[in-house]
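Please have the sequence and the structure open while reading.

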Amino acid sequence: MNRKKQELQVAALENGTVIDHIPSEKLFTVVQLLGVEQMTSNITIGFNLDSKKLGRKGIIKIADKFFCDDEINRIAVVAPRVQLNIIRDYEVIEKREVQLPDELRSIVRCANPKCITNNEPMATRFHVIDKENCIVKCHYCEKEQKRDELVII
């Protein structure tokens with residue numbers, strides 16, 4: 001291991017995930033969605049950092065944690081286009097931009113009070129009809145919702 005990397009105790013990550021380019025105003029929403037406060041591994045959170053891409057950004061570094069697709073989909077609903085970096089042995093082995101999937105299951109609540117998902121014990125299911133603007137349509141009642149109207153479950 002490179003001695004310089006070893007000295008960067010807080011900044012360097014041996015194994016884990018870095019979630020980068022989070023819009024600053026969405027950082028703590030992402031922290032809450034991922035349940036970061038319940039994790040026991042080392043976590044570094046950067047807020048209002050300079051960014052050429054966003055002006056200001058947030059970043060989360062989580063040691064020894066690798067997220068499944070469902071967890072990543074939750075991020076995409078509130079903060080699209082964040083950068084996910086997978087780290088192993090202090091090296092970035094995978095970089096990808098988080099994008100909305102074609103379908104969201106058990107992630108957001110339907111805004112229609114008469115929807116079956118609000119009146120029966122069943123999972124919600126939405127089709128993403130516009131990924132750029134995050135417009136989703138309920139599979140059951142066909143109610144459309146925009147990103148700013150979504151309530152995360």
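**Domain contact and sheet layout**

Domain 1 and domain 2 bury about 620 Å² between them, and 58% of that area lies on carbon and sulfur atoms. The model is predicted. The domain assignment places domain 1 at 14–96 and domain 2 at 101–150.

**Between the domains**

- The centres of domain 1 and domain 2, taken over C-alpha atoms, are 25 Å apart.
- Domain 1 supplies 8 residues to the contact, and domain 2 supplies 9 residues.
- The count of salt bridges between domain 1 and domain 2 is 1.
- Across this interface, 2 residue pairs are in polar contact, with both residues at pLDDT 80 or more.

**A salt bridge**

- Arg-81 and Glu-132 form a salt bridge through their side chains, with 2.5 Å from N to O.

**The sheet**

- Five strands form an open sheet in the order β2-β3-β1-β4-β5, and the pairing is antiparallel.
- β2 (43–51) and β5 (91–97) are the edge strands; each has a single partner strand, so one side of each has no neighbour in the sheet.
- On average, neighbouring strands of this sheet are turned by 20 degrees against each other, direction ignored.

**The β2 and β3 pair**

- Strand β3 covers residues 55–63 and runs antiparallel to β2, with 7 bridges joining the two.
- Leu-49 stands opposite Lys-57, a residue of β3.

Notes
Residues numbered from 1 in each chain as written. Predicted model: local features only at pLDDT ≥ 70, side-chain atom pairs only at ≥ 80, totals over all residues. Heavy atoms only, no water. Pairing = 2+ DSSP bridges. Helix = DSSP H or I, 4+ residues; strand = E, 2+ residues; numbered from the N terminus. Axes fitted to C-alpha atoms, helices over the stretch in contact; angles between N-to-C directions. Domains from an automatic or database assignment. Contact = heavy atoms within 4.5 Å. Buried area = accessible area lost by both parts, 1.4 Å probe. Salt bridge = Lys/Arg side-chain N within 4 Å of Asp/Glu carboxyl O. Polar contact = N/O pair within 3.5 Å; in protein donor to acceptor, adjacent residues only side chain to side chain.
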